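This briefing treats one protein chain topic by topic. Please consult the sequence and the structure alongside the text.

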Amino acid sequence: MNMVLFFVTFFTRFIVAYFSCLCKMCKSAFHFSSDKNKWKLLRNGVKCRKIKMYDCSYLFIYKWGIGMAELVLMLLTVFLTTLSVFLYGGFRVSFVFFENTARKFLKKNVPFCRILWAVFAVDSVLLLIGSAFELRYPDKTYGGFGGAFWLLFAIAVLAVITDIVFFVDGGKGTLRQFLRSAMHIAPYIAFVYAILIFGLLIPFVPFGLRFVLTILLGACAALLLFVRCFGAGRLHFLTRPAVFMGQNAYTVVFSTSVPTVACIEYTYRGKKYVLWDSASRIKNVGRLHSVTVPKAHLENNTYTVRARRAIDRLPYGGLQGKKEITHTVDHFSTVCEYEVKLLTLADLHGKTQRWSALSDSYSALLLMGDIDGSIDCESDFIRLLLTPCSEILHGRRPVIFVRGNHDLRGFNLSDLYRRLGIEQFNYRFTLGNVQFTVLDGGEDKADDNFEYASYLDNYIYNERSLHWLSQQPKQYGMSIALSHMPNVFADKNQQKRAGELLLANGIKLLIAAHTHKTDYFAAAQERYLPINTFIAGAASGVKPTYSVITFSGSMAELKTFDFATHEELFTKDLILYTD
Ligand SMILES: [Fe+2]
């Protein structure tokens with residue numbers, strides 16, 4: 001896909017430049033024979049009224065075919081420049097390192113990406129305007145680009161080079177960001193080009209072709225209107241339920257293919273509960289749904305999720321689809337009879353796998369953070385976070401989510417995390433005889449790092465996390481801490497205090513990720529914190545891995561496997577405490 005888009009973008013700019021040259025040559029050829037044939041055309045009896053409307057010279061081009069070819073080239077130029085400018089809209093994501101470097105050394109903001117994009121956008125618009133003028137006024141007096149054409153051409157070549165740099169530099173993840181970023185400006189680009197097309201090109205389109213275009217565009221507009229009014233697409237579950245662990249409750253999260261209203265239904269102690277995904281007394285409409293349920297209600301219970309298409313909600317009425325989709329999870333449980341066995345996935349970074357191959361009798365799925373380089377939209381959230389959870393556990397066992405530093409990067413994240421139902425990312429819970437403390441370490445750099453462009457407010461959040469940790473009662477027995485970063489926080493002082501508090505809390509083992517390696521460091525080594533630390537590998541990278549952590553009595557068994565072959569790559573047995 002990456003390569004396909006590379007070629008599309010590369011050839012887009014190339015073809016634009018090439019066609020512009022071709023149009024210029026066509027114009028010259030026409031100019032050479034214009035007067036003679038205009039006269040010929042008039043002599044052959046073309047009506048004067050038509051000549052006034054369309055310009056005699058243009059009639060000549062159209063009649064003899066050269067004009068039609070030129071017109072098609074013009075329309076193609078419009079299409080390609082529009083596509084090109086749309087793609088360049090994502091520049092600020094892919095080339096942001098230029099701005100970061102400038103900010104780092106010059107200590108001030110340099111809007112490089114925006115300037116570059118603006119130059120390419122203006123270039124495309126000027127090529128379009130110039131071409132239209134050449135078509136309208138083939139005489140050099142009115143229509144010539146002159147030397148300006150070659151400047152525009154040079155800018156187009158520069159755009160090709162930057163395209164190459166982008167696609168060589170960026171991977172799959174960057175490409176997704178790029179397109180998402182471009183989507184933000186798509187309506188504005190469409191508006192600008194719509195004005196240009198209607199103002200400059202439509203007058204040159206012959207009536208027959210204009211009629212066909214009107215029919216086609218009208219049909220598209222009607223279809224869009226219909227979809228907007230009545231919804232479209234087959235209604236089904238995109239992801240089946242995943243049950244996220246919280247301190248006092250579980251949150252059941254699932255998604256649908258189209259906007260719906262949805263609920264969870266179960267019976268507890270003889271009473272039927274129907275809990276809707278709602279906020280402020282109003283049912284939420286969307287593709288991503290979450291319902292928070294008291295832990296006791298779901299334990300060893302069966303539950304059903306239901307969803308119905310939401311078409312229109314009005315102040316005094318509205319419309320919902322007739323069809324309802326349901327999915328029943330026959331048994332949810334957190335009971336761990338002999339051991340607590342955690343399937344651990346760390347640092348997925350957008351990598352997707354055949355998740356169902358990992359499905360086994362685990363007590364829970366432990367997601368150690370960094371599910372992607374950044375989470376840019378609801379679709380990413382569903383695809384990268386919810387899909388592995390639902391495909392591995394089928395809603396029958398809980399998911400423990402530890403937020404990573406990259407999970408704080410992206411657009412509209414606050415809203416997405418609210419939909420996940422987790423209000424507080426520092427939390428405690430018990431599974432079997434194991435007590436867990438989850439710590440939300442935040443970003444891995446200081447708030448004033450140039451990379452965050454002064455948007456980060458991490459330090460104070462960490463202070464609140466440390467305060468929360470200091471308020472937690474000491475735990476005895478098997479007490480485990482979970483943190484994405486092995487040193488928990490980026491700030492040295494906060495790291496030190498976190499280590500002291502974890503020790504005072506009786507934590508025996510810290511499970512972490514972030515380094516993309518599998519490692520174990522005994523407390524005495526103090527490699528990160530003065531606590532036994534297991535770093536659970538990475539599901540991304542050259543050799544993707546997953547880990548299985550098993551707690552039994554006072555013992556912990558740490559194992560890491562190759563994702564593809566399931567070959568055991570790391571193993572360590574620990575006695576974490578003595579009674
Ligand atoms: Fe990380």
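In which crossing, left-handed or right-handed, does α15 pass α16? The crossing of α15 with α16 is left-handed, a term for a near helix turned anticlockwise from the far one by less than a right angle, with clockwise giving right-handed. The model is predicted: local features need pLDDT of at least 70, side-chain atom pairs count only at pLDDT 80 or more, and totals for chains, interfaces and linings use all residues. Residues are numbered from 1 along each chain as its sequence is written.

**Overall composition**

- The protein contains 16 helices and 20 strands; these are DSSP runs numbered from the N terminus, with helices being H or I of at least four residues and strands being E of at least two.
- Of the 579 residues in the protein, 36% are buried, where buried denotes 20 or more other C-beta atoms within 10 Å of the residue's own, exposed 12 or fewer, and partly exposed the range in between, with C-beta atoms placed from the backbone.
- Among contacts in the protein with a separation of 6 or more, 70% join residues 24 or more positions apart; a contact requires C-beta atoms, placed from the backbone, to lie within 7 Å.

**The α15 and α16 pair**

- Helix α15 covers residues 458-471 and helix α16 covers residues 492-504; their axes come within 10 Å and cross at roughly 15 degrees.
- Because of that angle, α15 is roughly parallel to α16; angles under 35 degrees count as roughly parallel, over 145 as roughly antiparallel, 65 to 115 as roughly perpendicular and the rest as oblique.
- Axes here are lines fitted to C-alpha atoms, for helices over the stretch in contact, and angles run from 0 to 180 degrees between N-to-C directions.
- On the α15 side the contact is made by N462, L466, L469 and S470, which meet Q494, R497, A498 and L501 in α16.
- The residues of this contact comprise four nonpolar, three polar and one charged; Ala, Val, Leu, Ile, Met, Phe, Trp, Tyr, Cys and Pro count as nonpolar, Asp, Glu, Lys and Arg as charged, and the others, Gly among them, as polar.

**The six-stranded sheet**

- An open sheet of six strands has the order β12-β13-β14-β15-β17-β16, with mixed pairing; two strands pair if DSSP finds at least two bridges between them.
- The edges are held by β12 (427-431) and β16 (518-521), each of which has a single partner strand, so one side of each lacks a neighbour in the sheet.
- On average, neighbouring strands of this sheet are turned by 20 degrees against each other, direction ignored.
- Strands β12 and β13 (residues 434-439) run antiparallel and are joined by five bridges.
- Within this pair, L431 stands opposite V434 in β13.
- The two strands β12 and β13 form a hairpin with two residues between them, and G432 in the turn has a positive phi of about 60 degrees.

- Strand β19 (residues 555-562) runs antiparallel to strand β20 (residues 568-575), and seven bridges join them.
- M555 is placed opposite I575 in β20.
- Five residues lie between the strands of the β19 and β20 hairpin, and H566 in the turn has a positive phi of about 65 degrees.

**Positive phi in loops**

- H349 lies in the loop between β9 (340-345) and β10 (364-367), and its phi is near 45 degrees, a positive value in a residue other than glycine.
- H349 is buried because 20 other C-beta atoms lie within 10 Å.
- H514 is located in the loop between β15 (509-512) and β16; its phi, near 80 degrees, is a positive value in a residue other than glycine.
- H514 counts as buried because it has 24 C-beta neighbours inside 10 Å.

**Individual positions**

- T251 belongs to strand β2 (residues 249-268) and counts as buried, with 21 C-beta neighbours inside 10 Å.
- Although T251 and L420 are 169 residues apart in sequence, they are 7.2 Å apart in space, C-alpha to C-alpha.
- K322, in strand β8 (residues 317-332), is exposed, with 6 other C-beta atoms within 10 Å.
- The C-alpha atoms of K322 and A310 are separated by 9.9 Å, and the two residues are 12 residues apart along the chain.
- D457 occupies the loop between β13 and α15 and is exposed, with 11 other C-beta atoms within 10 Å.
- The C-alpha separation of D457 and A446 is 9.4 Å, and these residues are 11 residues apart along the chain.

Note on methods: Contact = placed C-beta atoms within 7 Å.
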